[in-house]
Amino acid sequence: MQRTIKHIVLVLILVVAFVSCNNSKSLQTYFVDNQEASNFISQDIPISMVKIDDSKFTDEQKEAYKSVKRLNFLGYRVDGTEAEVFKAELVKVKAILNDEKYNDLMEFSNKGNKIIVKYIGTDEEADEVVIFGSSKELGFGIVRVLGNDMDPDKMITLVTAMQNANVDENQVQDIMNMFR
């Protein structure tokens, strides 16, 4: 009887070990792995620190803006001498974002620049919104938008409004300098 119990316990431990060892890389892990690496810049920005003129936002856009609590940014700047490294990092990020847990929200491109917006969650509530932008000349940037009760549809309108919003560049100067 004790031998059977030992076998059952051993099997349970192995099952737990295999289930908890997930080989797929998450975006959060990618951020942590690269935040100190060369050619990368990383910033964690509480939304309360970003002053945005929301006076022209619609009620829906204001609601979406208020649901955002924090922005995590990771950017990779292209260095002409390391084109292969850039391509390899781009492949890693795209592989992560192609995971089925990321739902497509919107995508657009202009003159070789591409922006993809995805989210994790349901159609009614996003746990995380990811904005990924890339350019062959500049590099790429990933913004993880974290908050509470974020509605994916309202986040689309917020992204559109943010393109025209008055944002104080001094607040994100490190990020702006990286891509200049």
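Within what distance do the axes of H2 and helix H4 come, and at what angle do they cross? The points below take up that question and then the rest of the fold, for a model that is predicted.

1. Helix pair. Helix H4 covers residues 83–97, and its axis and that of H2 come within 10 Å, crossing at roughly 155 degrees. Angles over 145 degrees count as roughly antiparallel, so H2 is roughly antiparallel to H4.

2. Residues between the two helices. On the H2 side the contact is made by Leu 27, Tyr 30 and Asn 34. On the H4 side the residues are Glu 89, Lys 92, Val 93, Ile 96 and Leu 97. By class, the residues of the contact of H2 with H4 comprise 5 nonpolar, 1 polar and 2 charged.

3. The sheet. There are 6 strands in an open sheet, and their order is S1-S2-S6-S5-S4-S3 with antiparallel pairing. At the edges are strand S1 (40–46) and strand S3 (103–110), each of which pairs on one side only. From one strand to the next the twist averages 10 degrees. As background, strands of a sheet pair through backbone hydrogen bonds, in either a parallel or an antiparallel way.

4. S3 and S4. These two strands are paired in the antiparallel sense, with 7 bridges. Met 106 has Val 117 in S4 as its bridge partner. The connection is a hairpin with 2 residues between the strands, and in the turn Lys 111 has a positive phi of about 55 degrees.

5. S4 and S5. Strand S4 (residues 113–121) and strand S5 (residues 126–135) run antiparallel and are joined by 9 bridges. Here the hairpin passes through 4 residues. Gly 121 is placed opposite Ala 126 in S5, and Ile 120 is opposite Glu 128 in S5.

6. Helix H2 (residues 27–34) lies across S1, strand S2 (68–77), S5 and strand S6 (139–150), at about 130 degrees to S6. Helix H3 (residues 59–67) lies across S2 and S6, and runs at about 75 degrees to S2.

7. Arg 144. This residue is found in strand S6. Is Arg 144 buried or exposed? Its relative accessible area is 8%, and because buried means under 20%, Arg 144 counts as buried. Leaving aside neighbours within four places in sequence, Arg 144 is in contact with residues including Leu 27, Gln 28 and Phe 31. Arg 70, Leu 71, Asn 72, Glu 128 and Val 129 are also among its contacts. Leu 27 was named in point 2 as well, as one of the H2 residues that meet H4.

8. Tyr 65. The place of this residue is in helix H3. Tyr 65 is buried too, with a relative accessible area of 14%. Which residues does Tyr 65 touch, not counting those up to four places away in sequence? They are Ile 47, Val 50, Ile 52, Asp 54, Phe 57 and Leu 158. Thr 157 is 92 residues from Tyr 65 along the chain, with a separation of 9.9 Å between their C-alpha atoms.

Technical notes. Residues numbered from 1 in each chain as written. Predicted model: local features only at pLDDT ≥ 70, side-chain atom pairs only at ≥ 80, totals over all residues. Heavy atoms only, no water. Pairing = 2+ DSSP bridges. Axes fitted to C-alpha atoms, helices over the stretch in contact; angles between N-to-C directions. Contact = heavy atoms within 4.5 Å. Parallel < 35°, antiparallel > 145°, perpendicular 65-115°, else oblique. Nonpolar A, V, L, I, M, F, W, Y, C, P; charged D, E, K, R; others polar. Buried < 20%, exposed > 50% of the residue type's maximum accessible area, 1.4 Å probe, protein only.
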